[in-house]
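Please look over the sequence and structure first.

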Amino acid sequence: MAIAAAREARRKPRLSRLRRAVAPIGDARGTARLMLWTGTLLTGLFIFLAFFAPVVSPYNFDQFQANGVRFDQLAHPSSEHLMGTTVQSTDVMSRVIYGAQTELEVVFMALILGLAIGVPLGVISGYFAGPLDRGLVLVMDSLFAFPYLLLAIVIAFLLSNTVGKGVFSAAIAITVVYIPQYFRVVRNHVISVREEPYVEAARALGARPFTIMRRYVFFNVVQNVPVIATLNAADAILTLAALGFLGYGLQPTDKAEWGYDVSRALSDASSGIWWTGLFPGLAIVLLVTGLTLLGEGLNETINPVLRRRRVEKVELGTPTSIVESEVGP
Amino acid sequence: MASQGTSLKSYLLTRLALVLPMVWILLTMVFLLMRVAPGDPISSSLGGHVPPAVVQEIKHRLGYDKPLLTQYANYLWDTVHLDFGTTITDRRPVTDVIKVNGAATLELTAAAMFIAVAVGIFLGLVAGRFRDTAIDMGARFFGIVIYAMPVFFLGFLAQLLFGSILGWLPTSDQASPITEALIVPKTNIYLVDTALVGDWAAFWDVFKHLILPATTLGLVISGIFIRLVRVNVIRTMKDDYIEAARARGIAERNVVYRHAFRNALVPVVTVIGLQMALLLSGAVLTEETFNWPGIGHSLIFYLDNRDYAAVQGIIVVFALIVVGMSLIIDLVSAAIDPRIRY
């Protein structure tokens, strides 16, 4: 009993902390609420499509015949093929649905990789400061200044020559682009948290640096991560689609990918064929918009400086340095 | 006045001192990726059907048979002297690629940046001025959707509508074949070259070819400016001096146009610099979409041919451009806004 109660007591602050973190979402009002809901709906739709692709999709993404009859090439959208067919007789709608699977798979993996590398590096660099910090900042800033797509292309190119194309290669190419961003945000936050009285108190009590980072710094810093992660997911989808468009994404025979499909459709556009490119392109726009709205909505509700409540607010004047974060990454 | 001069100079020196390590890091990173990473650059450039003696000969010619450290030293030395190597596949000096194809990229990106800034500032100012109205919502929605729009998809739509359905504008290349054959290359920027000769028919042809790619790229980048300008207008409208201007009885219209808007636009200069990376990334995609013969287009060509030497040279140039541009923009904004220097 006593043990259970103690365990309960220990768990409680975690739960309430979680609840406090989620609470602003319920408080969201006006534009922020609209953004959150639209974003959640759009993102949810694609997650649903990704999970249930085999059930929802009329055909397989590379299927060009049914019952021994080959589909028509470049057929107009019809009741048989709601979004028409491509030059290879594949069903556009099925490719769009299976594409959702591909995008989310790669981007999820890229996010996990990016977080796993970028966040600890940021915490360590921000906490210890000194030459290590300066060196890392310089490297990350150089990476950040470089055109993100070129970096991803070069990595994807090198990987395609050595490891081969695939979900993992694509995820790595994308990750490299985003590590500097996580690193930056986390490091800057850690630097401000490091001087807080409670961290100093922990240090005075003799806590080891690793313990302080894990128990005191990490949880205070990590609150910003969902916003960045969602916004970066949106960006990562665009990067993956761009890689696919340029032919450095995934192996076209393994996976359906929207960017690749649009690149194939470019030659159709000159002859007025719109359906092969329009639908995969729209899918990109919708998913990226969904993720962006979700991220922005979260930002406006979680970030207290931007939050607007119905309660008449007391004008205290806003510190300009924080308002800048409204611009987002 | 004199003190301002010195502080600007010291800012310039500090900024320059920061640039050198950045360039060095970028160069080293490119070297590590292209030369040290596994894979044999030369044989994969040649497709693997070449006798070993020939491979050895090319390796020797390019200096790829020397120890890595020597290669690294030579590479840094050459880069400092603006020699970016020679392509393996078509034996073109990379500097030549930069001169010819870079001009096309410059034409495209300059036009795109102009459109982006014009559209971005206009929509941003309007949205910020009329915060939380339908106009604001519309401009923000446009900003979000345009941000979510891949350049190549917008390009596809533009080609479909203006090229195929309406038939108004050309959808690929930098000029018609005839114009291209008659052009006298001087700057390699076709708009300038045709204007210099005074061949207005050719100028018009080049201009028509530029419209779709530049607008596509420009619109995609304008999203950032809309957001930035909007936020800045909202922030400056809350500032004390705006309140003071109002208190002095200055007409609201003048408060907005004279005081708020001007100050809201200062950060835009800085952000133009930050958008260089985005602009160049977008340029690669736009060039592929519209078959525009710029550096991005050549980069993809050499990538497809696995020409490591060419890819390395072009990437190095891109890195230098980015660092150089951000330096220039920083200095310009430091000159405009003294607060940045401190």
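Two residues are taken to be in contact if their C-beta atoms, placed from the backbone, lie within 7 Å. By that criterion, 43 residues of chain A are in contact with 45 residues of chain B. The model is predicted, and the predictor gives the complex an ipTM of 0.84 and a pTM of 0.83.

**Chain A side of the interface**

- Two or more residues on the side of chain A that touches chain B come from each of helix 5 (130-145), helix 6 (148-162), helix 10 (225-246), helix 11 (258-269), helix 12 (275-302) and helix 13 (320-323) of chain A.
- Helix 6 of chain A gives the most to this side, with 9 residues.
- By residue class, the side of chain A that touches chain B divides into 28 nonpolar, 13 polar and 2 charged residues.

**Confidence in chain B**

- Chain B has a mean pLDDT of 82, and 92% of its residues reach 70 or more.
- Within chain B, confidence is lowest in helix 2 (residues 41-46), at a mean of 67, and highest in helix 14 (residues 295-304), at 90.

**Helix 5 and helix 14 of chain B**

- Helix 5 (residues 94-129) of chain B packs with helix 14 of chain B at an angle of about 125°, their axes 7 Å apart.
- That angle makes helix 5 of chain B oblique to helix 14 of chain B.
- From helix 5 of chain B, B:Val97, B:Ile98, B:Asn101, B:Gly102 and B:Thr105 meet B:Ile295, B:Gly296, B:His297 and B:Ser298 in helix 14 of chain B.
- The residues of this contact comprise 3 nonpolar, 6 polar and no charged.

Definitions and conventions. Residues numbered from 1 in each chain as written. Chains lettered and ligands numbered in written order. Predicted model: local features only at pLDDT ≥ 70, side-chain atom pairs only at ≥ 80, totals over all residues. Helix = DSSP H or I, 4+ residues; strand = E, 2+ residues; numbered from the N terminus. Nonpolar A, V, L, I, M, F, W, Y, C, P; charged D, E, K, R; others polar. pLDDT = per-residue confidence, 0-100. Axes fitted to C-alpha atoms, helices over the stretch in contact; angles between N-to-C directions. Parallel < 35°, antiparallel > 145°, perpendicular 65-115°, else oblique.
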